[in-house]
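Here are a few exercises to work through with the model open. Try each task before you read its solution.

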Amino acid sequence: MLYFLFTCDCVFCHGSIQMLKFADDTAVLGLTTNSDESDYRDQANKLISWCSENNLELNVNKTKQMIVDFRRKKSSPLSPLLIDGRTVEIVQYFKFFDSTISNNLKWELIIDIIVKNTQQRLYFLRRLKLFGLTTHILLTFYRDAIESVLTFSITVWFGSITVKQKLRLKRTVKTVSRIISRNVP
């Protein structure tokens, strides 16, 4: 809460620029058209100046820039931001609110992460089954530890994933059904 109070005067004035603040993280989203990055760069510079004026230091090592480029003809690469003469790293993906977003807006990486995390938790479900716990307890564990991972931010990515990716997720659910000896949604 203190962060929000302290940063409430850090606002942007361009309609094509959005700033998202959460806890002690800030994300600046900018839409550029016709290769005109001036509004975005202007707002980034204003944020840098605001931080300097308010005795906040931007950690350039933790600051990342991701470019999602929808241009059909990518004639010139977009240049990276500079903070205090240091180049901000341009990344292919980053984690935002615990969801991994890639610069091509495809979801292979998040599906890989979800499947990996659910596979790790399936080990514990198998162990609980070996200990002879009831189906009710196994189902509760599934809902709390596995289904929550499978469905985290599902409204963001599910409509855009491929059939192959959906099958990978369904395989996990089938495995759970086999372990518990009961169909799960």
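T172 is found in helix α6, where helices are DSSP runs of H or I with at least four residues, numbered from the N terminus. Before you start, note that this is a predicted model: local features need pLDDT of at least 70, side-chain atom pairs count only at pLDDT 80 or more, and totals for chains, interfaces and linings use all residues. Residues are numbered from 1 along each chain as its sequence is written, and side-chain values use heavy atoms, leaving out hydrogens and water.

**Exercise 1.** Work out whether T172 is buried or exposed, and find what it touches.

Buried means under 20% relative accessible area, exposed over 50%, and partly exposed in between, with a 1.4 Å probe and protein chains only. Step two: T172 has 1% relative accessibility, so it counts as buried. Step three: look for contacts (heavy atoms within 4.5 Å). Skipping neighbours within four places in sequence, T172 touches T118, Q119 and L122.

**Exercise 2.** Zoom out to α6: what is its span, and what covers its buried residues?

Start with the span. The expected value is 1.5 Å times one less than the number of residues. α6 has 18 residues and runs 26 Å from first C-alpha to last, close to the expected 26 Å. Next, list the buried residues, which include Q165, L169, V173, V176 and I180. Their cover includes α3, α4 and α5. Finally, step past the end: just after α6, S181 has a positive phi of about 65 degrees.

**Exercise 3.** Find the kink in α4 and say which helices its buried residues pack against.

First, the bend at a residue is the angle between axes fitted to the seven residues ending there and the seven starting there. In α4 (residues 135–151) there's a kink of about 40 degrees, centred on R143. Then pick out the buried residues, among them Y142, A145 and I146. The buried residues of α4 pack against α3 (108–130), α5 (154–157) and α6 (163–180). Just after α4, S153 takes a positive phi of about 55 degrees.

**Exercise 4.** What sits over the ring of F158?

The charged end of K166 sits over the F158 ring, 4.8 Å from its centre.

Conventions. Helix = DSSP H or I, 4+ residues; strand = E, 2+ residues; numbered from the N terminus. Lys NZ or Arg CZ within 6 Å of the ring centre and 35° of its normal.
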